[in-house]
Structures are given as C-alpha cells and as structure tokens.
Amino acid sequence: MLKPLSIAPSSDHRDWTSWLFDGASLPTGAGFKDWTFGADSSFVRAQFRDGATFQDARFAGEAPFEAATFGEGVTFTQSVFMCGANFSYATFGPSAGFVGSQFEATTSFRDADFDDGADFDQATFWSQVSFSHATFSDRASLTGVEAKDAAYFTNARFGSDCRITGTVGGESNFRSATFGPRALFRLEIDELISFENAEFGERAWLDHISAGGPVSFKNARFGQAPRMTLLGPQIDMSGLELAEGALVEVGWAELELSRLVLDGSTVVSALAQAPRSRPSGLPEQRTARPRILTVQGTDLANLVLCNADLRPCNFAGSYNIDKLRLDGAETFGGTPGLPLWTRRRVLTDERMWRRQYSGAIRSRGWFPAQYLPQDHEEPQRANEPRRGRAVEARSRARQVAQLYRALRKSKEDSKDEPGAADFYYGEMEMRRLGTRSPIERALLTAYWLVAGYGLRASRALAAFVIALVLGAIVFNESGFDRSPQLAIGIVRVLPTTGEVVYGRVQQPGARLGFGAAVEYSIRSSTSLLQPTQPRPMTYAGKGAEAVLRLLGPLLLGLTILSLRNRVKR
C-alpha cells in the first residue's frame, strides 16, 4: 500500500536531482515552486491532492505524468518542460492552470480529463502537441497560445465556454471533436486545419481562422447559427450540417459546398475587410471573393451567395436552384473573346458541355485558366461513337437548359430582369442544341440568327435592313412590269418644212430606280395600307411585297422587344 509523501511547500530544491514519484500520493498543498527536476524524474500514476503547485518549475527530462491524478487548483504556471511532457490519461480537478508554460519538445495530453476549467493562456509549444481524445468538462481557455508545430485535438470533447486563440506553425486537427455552447476560435495556421466530423453547440463563433493550407468542415455539424470568418486557399464544406443557418465570410478561398444540409438561412459572402495583397502560392486570377466550385447535392433554398465568384461553379445535381439568392456583384464566366460568340454570362456546366461535345474549333477558348479550379485539369472531349455521342450530347444539353431556366427564375423572382436575360439566352441556346425535333431546331436556329432569342436588338435591326435592301433589289430588277409601253412621241420630222410629226410609239420599259425601289420597299414593310404602285407589278414584285409586309412588322417588333428585354427592371 502506498504511503503519503509529504512535501513541504517551503522546500527549496534548485539542483538537477531526479525525483521518482511513480504511484505516490502527495498531500494537500504539495509545493514544487521553482523546483528543477532531473532527467529521470517521473510522476506516473501519482496522486496530487488540492492545491499542488509547480509554478516556475523546470523539467530536464520528458516529465512523465501519465495517468496522474490532480486535485483542485493544480498549477504549472510559467513552468518549463525542456524535453516536453506526457500527461496522457491524466485527470485534473477544477481550475488546472498552465498559464505561460513552455513545452520545448513533443507534448501529449492525450485522453486527459479536465474536470472544470483548464487554463493554457499564453502557453508555448515548441514541438507537436496533442490533446486528442481529451475531455474538457467546462471552461477550456487556450488564448494567446503559440504552437510552433502541429496541434492535434482529434476526438477531443469540450464543454461550454471554449476559447482557442493564437498561432499554429504546422497543421491543426480538430477532426471529430465535440464543442459545447459558446466556442470561440481565433487562429492563424501555417498549414491545414480540419474540423471534419466535428460537432458544435450553440453560439459557435469562428471569429478569424486564417490558414496557409486547406480548411475542412467536411461533415461537421453546427447547432445555433454560427458566425465564421475564414481565409485560406481551399475550404471544404461538403456535407456540412447547419441546423439554423450561418453567416460565413470568406476571403481568397475556393469553396466546396456539396451536400450541405441547410435548415436555416445561410449567407456565404466575401470578407468585408479581406487582405488586399494576394497570399503567396495563389494563382494570379484568384480574387479575394469566395470562389464557389460546386453545390452538387445541396438544397439551395436557404442559401444566399453574396459577391461570389461563380466562374468555376458546377450547378449540376443541386436542388431548388430557382430559390437560390445571388446578391451583390456575383461573377459568372463569359463566352470566348472571339467574333463568333455573343458576349453573355455562361455556366461552367455549359462550358463543360462545349468542351466535351463540340468540335475542336468551336470548343476553343471555353476553358481559360480563371475558370478552372486550382490544381484541376481541363475536361477532355467525349470519345463515344458518333451516334451514341449525339444522343448523350442532346440529353446533357437539356439538363444544362434546366439549370439556366432555374437560375433565370431566381433572378426574375428577385426583380432582376436584366440579370435574368443572359440565363434566358443560355436556356434557349441549350434547348436548341438539345432538341430532338428537326423542325423545332430549325425554328430556334432562325430565332437565334434573327434576334438572338429576342435579346439582341442589333441582329433584328440588321435583319430588317437586309430585308429592305433585298426587297429594293427585287423591286428594281424585276418587281415591276418592264414590257414596251405605247406613248406619244416623235414619229418623224419633215425634211422640207422641218415640221415635227407626233404619234403613238412603243418605248422599252425602264427600271424603277434603286432610290425609288428602296422607298417602295420601306413603305411596303412599314405601311398598314398597301402603297400606291408606280406601275404594274410582276409576280416577283408581288411576292417580295408580301414577304416585306410580313417580315417588316415582325423584325421591328423583335427589335423593340429585344431592347425592352435588355433595359427593363
């Protein structure tokens, strides 16, 4: 049976003596202030009653405290662990304190149990530190912590009032950790940070998390609406569950938003005061705005994207796209900067379709670097047999048309008619490319050529002018009767008297004249009543006049409609 070992609080040990306390039971108020412990000192399974103090102590060895038990108020304030420390499976009573402690080598609090209050404020860890599977029953404070290497909190459990602030020189891992109400984070991490499968209670506030590597909230769960401010190159939120929504402000990051579970309104917005300078390692085309990669598998009814970069975003496989709210200056990709393409906003889903199913020439320029996610390659063209490829291409085109239709409805519901215009153009374009009916495709192609689906007034006006010119040419060349006509003219002049004899003579028919033909063409296409004919018309002229009387009002109407669709509010 172990006997209690009495250590007087006033004892003064400043040498490098090694002390063995394995399994010892120490009395209340055991004091080791300013002690220096040699390399072979050990406290494995030692039992410390209330008030034990190691303030300003120095440990030359590893300082093994495995499975040790501490009563209330134990303090290691300003202690120095020169070769690290091992508190694995240790049990701490209320108000355990490590304020300002220095851990100069690998440190472990794995499976440690902190009863009520653990204070690591201003502590410094010069090597890896692990709190994996540790339990903090209440009030865990790690403010101003400086970890020079990695920090691990895998499967750790935190009660209420958890505060973790400071810097981490390596990665930081909170995978599968559990946090109670009022968790606060303010961290600067040089590498990645992971909250994968973590659970947060009410009022979680990730006030500022800046990482040099990826940030992961994959399959994490939040209770009451949290607030997050995140900076990093990639942020993975796939499978994230938000019971009451969230406010997420992001800077300089690519976001993965697939399979989100959003039970409340969730706003993903650009960080209001993001650093102006681009973090090192990011491509030049990256902006400070959140860059959304995909929303596949997510119900978008409760999602608001504000000032987001949607150029690489893939909307295929998401739900309730028509209820998605796009606020601020969202950015979609555009068509290639070539004369062949009309300038408009384009979804990445269409971009991928063009690259996979269009010819090599028509697909050129559809995937510039700024539209590709970082470290992703450009999609390749499909290699299926021609017949099967055509069937698949039409099917995929119809799917993309549905995405455009849903986004158009979203814009229309928010009273943004000009913003909906480009989505309507994309919808009609993919509908034209995806239809099975040759007649419907021909009609849509004509609608596209003549008026840009009722959105390009310049095309309709150009078509009207072309129709007028062609009608004028027909009227001038063969629109009116040019057979010889009887007219009063000079028959002969008498040579003896010089008298002029007049009579009926035949004169060849002359052209109407291009100016007069243009005038007649304009009157034919714009007048409600049939214009007065300068002479009898041929069948060709009557046909041209009928066509102009049909096309003129139609093309003018399309011109006015296109102008209205571009400028209406």
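What volume does the largest cavity have? Please also describe what lines that cavity.

Analyst: The model is predicted. The largest cavity has a volume of about 110 Å³. Its lining is made by 16 residues. Among these, V145, A147, A151, F153 and V168 lie nearest the centre of the cavity.

Two elements give two or more residues to this lining: strand β16, which covers residues 135-147, and strand β18, which covers residues 157-168. Of the elements, β18 gives the most, with five residues. Sorted by class, the lining of the largest cavity holds twelve nonpolar residues and four polar ones, while charged residues are absent.

This cavity is one of two that reach 30 Å³ or more. The second largest cavity has a volume of about 30 Å³. Its lining consists of M237, L240, L242, V248, L257, L260, L262, T266 and V268. By class, eight of these residues are nonpolar and one is polar, and no charged residue takes part.

Helix α5, residues 457-479, supplies the largest share of the patch, six residues. V469 is found in that helix. The relative accessible area of V469 is 38%, so V469 counts as partly exposed.

Notes:
Residues are numbered from 1 along each chain as its sequence is written. This is a predicted model: local features need pLDDT of at least 70, side-chain atom pairs count only at pLDDT 80 or more; totals for chains, interfaces and linings use all residues. Side-chain values use heavy atoms; hydrogens and water are left out. On a 1 Å grid over the protein atoms alone, a cavity is a set of points where a 1.4 Å probe fits but cannot get out, and a pocket is an open set with protein on both sides within 12 Å along at least five of seven lines; lining residues have an atom within 4 Å of a point. Grid points are joined across faces, edges and corners, and a volume is the space filled by probe spheres set on the points. Helices (H or I, at least four residues) and strands (E, at least two) are DSSP runs, numbered from the N terminus. Ala, Val, Leu, Ile, Met, Phe, Trp, Tyr, Cys and Pro count as nonpolar, Asp, Glu, Lys and Arg as charged, and the others, Gly among them, as polar. Buried means under 20% relative accessible area, exposed over 50%, partly exposed in between (1.4 Å probe, protein chains only).
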